[in-house]
Amino acid sequence: MPARPEWPSAPPSGVGSDRPPLLGVAGSWGAAEIELHRRFDELHQLLYRRGGLASSNAAVDEVAKLLLVRLWAARTGAVVTDHRAAFAAALRDPALMARDPAGNAHPVWPLDEPFRLTQPDVLAAADAIATAIVTQASALDATGAGRGIDALGTAFDALLAGRYDHTGGLGTYLTPSGVARMMADVAVSLVTADIPRRADPGPTGTVATPGFGDPYCGTGRFLVALLTALPPDHPLRLAGPFGTDVSASATAKARVNLLLYGVRQPLVWTVRDSVTDSTVDALVGRVPLILTNPPFGERQYDSAEGIARTAAVVPAIENRTRIDPSLAGLARALTLLAPGGVLGIILPDGVLASPPVRALLADPGVEPLAVVSLPPVTFALSGTVARTSALFLRRTGVVRKDALLTPGAQEGRLPDARQRDTGQRDTGQRDAGQRDTGQRAARRPGPKRPDPRRVVLARVGHVGYVTRAGRPVPDPAGDELPAVATLVLSSMDTAGGSAAGNRAPTNDPPTNDPLANDPLANDPLANDPLALVSESPLVAVVDRDALQTLDPSRLDPAAVAARRALTDAGGVRLGEYLTAVPPRRCRSVTSPFVSVLHIDDLGAVDWHAARGYTPVTPGVLAEPGELIVSLLNPAQLRAAVIPPGEPVQVSAEFGVFRSTVDPYAVLALLYSPAVRAQLRPLGTGTSSSRRRIGPDDVLALVVPKLDPSTLDRLAATVRSAHGKLTAARDTLRAAYDNQ
């Protein structure tokens, strides 16, 4: 294939490049991987011009088949003249088969799977790439050293740009390689090497305990990331991975990816449902490390058995008929973890901050470690701009008595991991696998054991790319993923060290405010429950007891700076001026009826429009002198004071508050830039336009503390201006209507 002038056909010298692949920029990119991405991009163009394939999914399928053919040829010494015949032979080769927990062998694809590439020039170009990949993989496999290539992940990154079909059963949203590598680097540093020998051996007749895995493995992106992050002789790497997925196409590609990494007979199999499949039950309580990105989408999971199993771990969802599939994935992953095991999972922020997950993370069998908020662009190329976060936690014991669903994982059978680890540290003993992990292990610090009372929260603002016209382009602000991984790990030490203050436990009640970085959080004299590690990217260490949500998107740099500035200047919580009024629901719609559409960004109400508005659903009552604040989409503040006169009906998305001072003064404080900066990142929900806050979020805002005379003057100014604005609107309306 002729090379484009700007894309040299030979790999660039050295390691790294000033033009790395956009979707895979975390970690250390080698020259070979960068060149592979370029060649896949050229192949991408050729496939769509002449390959006769309908989608990127199908294109990657055919590339994966060629990789299997070349693996078979490399291992058998066969000369490939007929690719279809070679593919059929590779499928029947026992050495290239996968297995399930019962030890049954499975071909990478079904034996009747067709080989679809027929155009000679397209086949030759794709085969050249496959041959190069297998040659490099074979060299790495032979030496046991170096860094492999996520070949199929790289193919997806190249072919994803603009043509990925996310409805084809490959899992809801593909994880960019940069995110997978960041999560692998963090998780490997958190897990202890001795978990495999402490894990449940499983029922008789099942395979040996895997070292790590992903119950929603897709093409194996997390499995490959972990194989890259783990030193070659680490016990978890030696124990090997497992992976399951509902898509046979996805598991086939995951098998090929693992074969390229030297995994013999990979433990990867197709299931009907990762939550309920009995073959997955064989791994309950046995897996030391799991990284996963389960499908997500509100109320999209309706399996009665799966919901019942989830409710055994998360009782708050009992009696529901539909739940978010990511919640079921979280519960399933927790039951698969061995005691002491570490889970890294991507969840929508709405699920992460939901009451069921908050209750789960308060369970004594679960230890939250860190949350990394990801920007909406992260999954934009695969079909969503939902806000998501990577949650890291440790299972410290049996999560719930009835949650482990197989006889092989009974309560009390396994020791508490933290007790065992504490004993090791006290006696100075170390697992042999930790003593001699080679050069890479020497560079990597030992497992992090953070103070369980502290949680690391991080906020990634940039992942290296943005989208324009549905395609990725470089983000001028760069990529924060590698820095965040480093800062999160260093903060694990900080969590138990000087930056956290080594504070004694407090009996103060929990607060709704995750931005509790000021002495006002619990008591004016209390220690600061949030320690900033970095402002850009934003990383903080927070008291676990001070949190009712682990949503780090609230840790907005502007919000933190504004809150800290007001606090340093003597600011107070808005709760000093306001109290929330319980909703007084109306039985029928009355006029005027105020919705968020009737309030502008100055807090002025269009009363003419409100009097003509007749919605179907009744709202709540607001009395004269009360303050209404929209609890939907706090980034666009909509608040107003109900003027003297009759009570007004407002839509139910408003919170109603009663003020101890003149409400017009409080309205002015709410609309001040420093207070709006605090409101902007708040709320739960998967999209920025549907994020919700509660009355407690409003009351927790820090506002300037003004003396009574200043408050009175401010209130008089705002009340007068609003009166004049209303009068001016009425005058204009009358002038227009009389023409």
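Buried means under 20% relative accessible area. All views show a predicted model.

**View 1. Helix α12 is mostly covered.** Seven of the 10 residues of α12 are buried. They are Gly 306, Ile 307, Arg 309, Thr 310, Ala 311, Ala 312 and Val 313. What covers these buried residues includes α11 (278–281), α13 (325–336) and α15 (355–361).

**View 2. Phe 296 and Phe 379 form an edge-to-face pair.** A search of the whole structure finds five aromatic pairs. In one of them, Phe 296 and Phe 379 sit 6.4 Å apart, centre to centre, with 75 degrees between the planes. Phe 296 belongs to the loop between β6 (287–292) and α12 (304–313). Phe 379 belongs to the loop between β8 (366–374) and β9 (388–395). The pair therefore ties together parts that are 83 residues apart in sequence. Phe 296 has 5% relative accessibility, so this residue counts as buried. Phe 379 has 0% and counts as buried too.

**View 3. Phe 593 and Tyr 613 form an edge-to-face pair.** Centre to centre, the rings of Phe 593 and Tyr 613 are 5.7 Å apart, and their planes make 65 degrees. The pair links distant parts of the chain, 20 residues apart. Phe 593 is in strand β17 (residues 593–594). Tyr 613 is in the loop between α21 (607–611) and β18 (620–622). Tyr 613 is partly exposed, with a relative accessible area of 31%.

**View 4. Phe 87, Trp 109 and Phe 115 make up a ring cluster.** Ring pairs link the three residues. Trp 109 also has a charged neighbour: Lys 65 lies over the face of its ring, at 5.9 Å from the ring centre.

**View 5. Helices α6 and α8 cross.** Two packed helices are described by the angle between their axes and the distance between the axes. Here the axes of α6 (residues 177–190) and α8 (residues 221–229) come within 9 Å. They cross at roughly 50 degrees, which means that α6 is oblique to α8. The crossing is right-handed. On the α6 side, the contact residues are Ser 177, Ala 180, Arg 181, Met 183, Ala 184, Asp 185 and Val 188. They meet Arg 221, Phe 222, Ala 225, Leu 226 and Ala 229 in α8.

How values were computed:
Residues numbered from 1 in each chain as written. Predicted model: local features only at pLDDT ≥ 70, side-chain atom pairs only at ≥ 80, totals over all residues. Heavy atoms only, no water. Phe/Tyr/Trp six-rings, centres within 6.5 Å; stacked < 30°, edge-to-face > 60°. Helix = DSSP H or I, 4+ residues; strand = E, 2+ residues; numbered from the N terminus. Buried < 20%, exposed > 50% of the residue type's maximum accessible area, 1.4 Å probe, protein only. Lys NZ or Arg CZ within 6 Å of the ring centre and 35° of its normal. Axes fitted to C-alpha atoms, helices over the stretch in contact; angles between N-to-C directions. Parallel < 35°, antiparallel > 145°, perpendicular 65-115°, else oblique. Left-handed = near helix turned anticlockwise from the far one by under 90°. Contact = heavy atoms within 4.5 Å.
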